Amino acid sequence: MTGWVAIVGLGPGRETLVTPEVRAVIDEATDIIGYIPYVKRIAPRDGLTLHATDNRVEIDRATHALTLAQQGGRVVVVSSGDPGVFAMASALFEALEAQPRFADVAITVHPGITAMLAAAAALGAPLGHDFCAINLSDNLKPWSVIENRLRMAARGDFAMAFYNPRSRSRPVQFGQALDILREECGPDRLISFARNVTHEDQRLRTVTLGEATEDMADMRTVVIVGNSATRRVGGHVYTPRSAE
Ligand code: SAH
């Protein structure tokens with residue numbers, strides 16, 4: 001039997017936000033591979049092996065998926081949100097590029113709802129005009145690159161979504177990011193902190209950059225900074241579709 005690898009996004013958390021296409025692929029799988037909390041979201045059943053691994057070994061996980069598929073497995077690699085946004089899809093293609101013996105494995109990618117879109121919907125429409133997404137983790141790129149991108153995005157008047165804003169191993173960088181944003185955007189710009197979006201304990205908080213402190217974000221938070229026109233209407237935050 002011919003095996004394959006499907007790389008899927010499970011969405012931000014709420015079960016109704018898993019796409020029917022992703023559900024169908026999971027129903028056909030013999031193996032599920034991914035980071036422990038994401039694999040936990042898959043119901044066990046006969047004929048399905050769950051391989052839950054630690055997050056730091058993405059390339060090993062990708063190679064494992066390709067190996068199982070070459071042996072005939074129908075392998076689903078799971079990410080949260082969308083698999084192409086700071087997640088497993090790129091890791092899989094990197095592993096494929098480095099190991100030509102897997103060139104004949106069939107690979108498909110199935111999108112999911114990424115955290116910034118779920119957060120934007122919960123807040124209103126803060127990403128309603130031009131925006132960008134920046135991963136604030138310096139695990140895979142130097143901090144100087146992040147600082148430069150932050151400045152350029154702020155000067156371009158993009159709304160911005162920040163993933164991986166702050167962790168226990170990186171407690172101070174987010175404070176530095178806030179300093180750069182205050183310098184470039186001023187103290188009145190709106191910034192929203194969306195934690196555990198679509199989960200039962202979802203928490204949304206919108207303040208100005210002048211009021212923002214680094215402890216408002218953690219690894220379960222996606223942060224959205226508005227552009228110069230972003231404003232509140234009632235209990236919502238939105239960015240108009242036209243530039244000034
Ligand atoms: N592939 C994922 C992102 C993985 S990076 C996606 O498309 O959403 C992990 C980061 O995503 C977290 O640090 C956080 O910034 C963000 N994130 C993921 N799920 C989230 C959720 N339910 N609520 C808030 N932020 C979330």
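The shell around the ligand takes at least three residues from each of two domains, domain 1 (4–113) and domain 2 (116–238); these bounds come from an automatic or database domain assignment. The model is predicted, so that local features need pLDDT of at least 70 and side-chain atom pairs count only at pLDDT 80 or more, while totals for chains, interfaces and linings use all residues. Residues are numbered from 1 along each chain as its sequence is written, and side-chain values use heavy atoms, with hydrogens and water left out.

There are 20 residues around the ligand, of which Asp82, Val85, Thr114, Met219 and Thr221 come nearest; a residue is counted as near if one of its heavy atoms lies within 4 Å of the molecule. The shell divides into 11 nonpolar, seven polar and two charged residues. In this division Ala, Val, Leu, Ile, Met, Phe, Trp, Tyr, Cys and Pro count as nonpolar, Asp, Glu, Lys and Arg as charged, and the others, Gly among them, as polar.

Polar contacts are pairs of N or O atoms within 3.5 Å; within protein, one atom must be able to donate a hydrogen and the other to accept it, and residues adjacent in sequence count only if both atoms are side-chain atoms. An N or O atom in the side chain of Asn164 is 3.0 Å from an oxygen atom of the ligand. A nitrogen atom of the ligand lies 3.4 Å from a backbone N or O atom of Asn196, and a backbone N or O atom of Val222 also lies 3.4 Å from a ligand nitrogen atom. On its own the ligand has 550 Å² of accessible area, and the protein covers 91% of this area (Shrake-Rupley method with a 1.4 Å probe; for residues, only the protein chains shown count as cover).

The structure holds zero disulfides, a disulfide being a pair of cysteine sulfur atoms within 2.5 Å. For Cys132, the nearest cysteine sulfur is that of Cys185, 11 Å away. Cys132 is buried, with a relative accessible area of 19%, and Cys185 is buried at 14%. Buried means under 20% relative accessible area, exposed over 50%, and partly exposed in between (1.4 Å probe, protein chains only).

Ser79 lies in strand 4 (residues 74–79); helices (H or I, at least four residues) and strands (E, at least two) are DSSP runs, numbered from the N terminus. Ser79 is buried, at 3% relative accessibility. A polar atom of the Ser79 side chain lies 3.2 Å from the backbone nitrogen of Met88.
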